[in-house]
Number of protein chains: 2
Amino acid sequence: MSKEESGGQTPPVRRHDDVLGYLLKHAYLASEEQTDAALAELQVTSRELGALRVIASGEASSQQEVAAVLGVDRTSMVALLDRLEDTGIVARHPAPQDRRRNLIELTPAGRELFDRAEQVAVASEREFVAALGARRASELRQALRDVLSTASV
Amino acid sequence: MSKEESGGQTPPVRRHDDVLGYLLKHAYLASEEQTDAALAELQVTSRELGALRVIASGEASSQQEVAAVLGVDRTSMVALLDRLEDTGIVARHPAPQDRRRNLIELTPAGRELFDRAEQVAVASEREFVAALGARRASELRQALRDVLSTASV
DNA sequence: TATTGTTATACTCTATAACTATA
DNA sequence: TATAGTTATAGAGTATAACAATA
């Protein structure tokens, strides 16, 4: 006996904005759009800032490590770093112990740009979650971290 | 006087996974990947299911309304609905009062597919947020809704 | 004139495969 | 043989512009 035949108790169809995937996708898109708009005056994208952050924090030193930390393919890193190198924001140096690897460093100008861009990004994020207040914003971040640490196993 | 000259108190660089944009992007990607894997046996994608849901819920009736509710361009809707129509999941009919508009309906087979796919998607979501427990999962959803309702103004 | 759906086209992000230089 | 970076290429997903049918 189908659900429809068992007394007309078909559950109502979920609305699109009750779906977690929808909420995550559009929160991501809105967040990136807002941050990119704020970063535009510095002529850097949130994608580029993500790579700069991984380099500045010491989480990665070679191209491939940057790509791995950010979860993208190493081939996607080439064009991104090409532009950052052409504009004098990063420098590539062959690693002394293994000349296949490119060590990526922020130039002094790149470090200045990063510091300013990161301030802009932090302010943009804070504005993005302003409706939540500090505690719920922190809980949101932690929930996403928890979900990711189990999903990415 | 720059921050570096004021006593060496440069704030530590944020780690990449403390950045809300990173967390949202990768939570979105992981969620979609998991749902798409679960839906593969039904030969429907989470993107298609999103359109079917908007049609099934009555939130939209024409192609352009479906696109607007989902926040994509109307031109992106054409190929997606082409496939769903070719496989007998939806039907397009010109609206009697305005023959420019295409009313989109689920076929009986489409409605069956939608009901099964939605069950699969709900189960996939539940698994995705299993680490949070019911209350934090609900709070996550609400936080994303709150953030989106202020961001999309 | 304006709007719906459509097509053609292009751009971004991503990934796969093959190449090079090094190990 | 294997690995880091690179190049060429292709596939999604998205958007803009122009067109046909209809209002």
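Predicted model: local features only at pLDDT ≥ 70, side-chain atom pairs only at ≥ 80, totals over all residues.
**Figure 1. The contact between chain B and chain A.** Contacts join 47 residues of chain B to 47 residues of chain A. On the side of chain B that touches chain A, at least two residues each are supplied by α1 (20–39), α2 (46–56), α3 (63–70), α5 (108–128) and α6 (133–151) of chain B. The largest share, 14 residues, belongs to α1(B). By class, this side of chain B consists of 22 nonpolar, twelve polar and 13 charged residues. The copies meet through the same surface, because 100% of the interface residues of chain B are also interface residues in chain A.

**Figure 2. The surface near DNA strand C.** Around DNA strand C lie 17 residues, of which A:Asp73, A:Arg99, B:Gln63, B:Gln64 and B:Arg100 come nearest. Two or more residues of this surface are given by each of α4 and β2 of chain A and α3, α4 and β2 of chain B. The surface near DNA strand C comprises eight charged, seven polar and two nonpolar residues.

**Figure 3. The surface near DNA strand D.** The residues around DNA strand D number 17, and those that come nearest are A:Gln63, A:Gln64, A:Arg100, B:Asp73 and B:Arg99. Here α3 (63–70), α4 (74–86) and β2 (98–106) of chain A give two or more residues each, as do α4 (74–86) and β2 (98–106) of chain B.

**Figure 4. The fold and dimensions of chain A.** Chain A contains six helices and two strands, in the order α-α-α-α-β-β-α-α from the N terminus. The C-alpha atoms of chain A fill a box of roughly 75 × 35 × 25 Å along the principal axes. The radius of gyration of chain A is 21 Å, whereas a compact globule of 153 residues would have one near 15 Å. Of the 153 residues in chain A, 31% are buried. Among contacts in chain A with a separation of 6 or more, 42% are between residues 24 or more positions apart.

**Figure 5. The annotated segment of chain A.** An unreviewed UniProt entry carries the annotation "domain: HTH marR-type", which covers residues 17–149 of chain A. Over residues 17–149, chain A is 68% helix and 11% strand. The end C-alpha atoms of this segment are 24 Å apart.

Methods. Residues numbered from 1 in each chain as written. Chains lettered and ligands numbered in written order. Near = placed C-beta within 6 Å. Helix = DSSP H or I, 4+ residues; strand = E, 2+ residues; numbered from the N terminus. Contact = placed C-beta atoms within 7 Å. Nonpolar A, V, L, I, M, F, W, Y, C, P; charged D, E, K, R; others polar. UniProt positions renumbered as here; feature names shortened; annotations may be inferred. Rg over C-alpha atoms; globule rule 2.2 N^0.38 Å. Buried ≥ 20, exposed ≤ 12 C-beta atoms within 10 Å, placed from the backbone.
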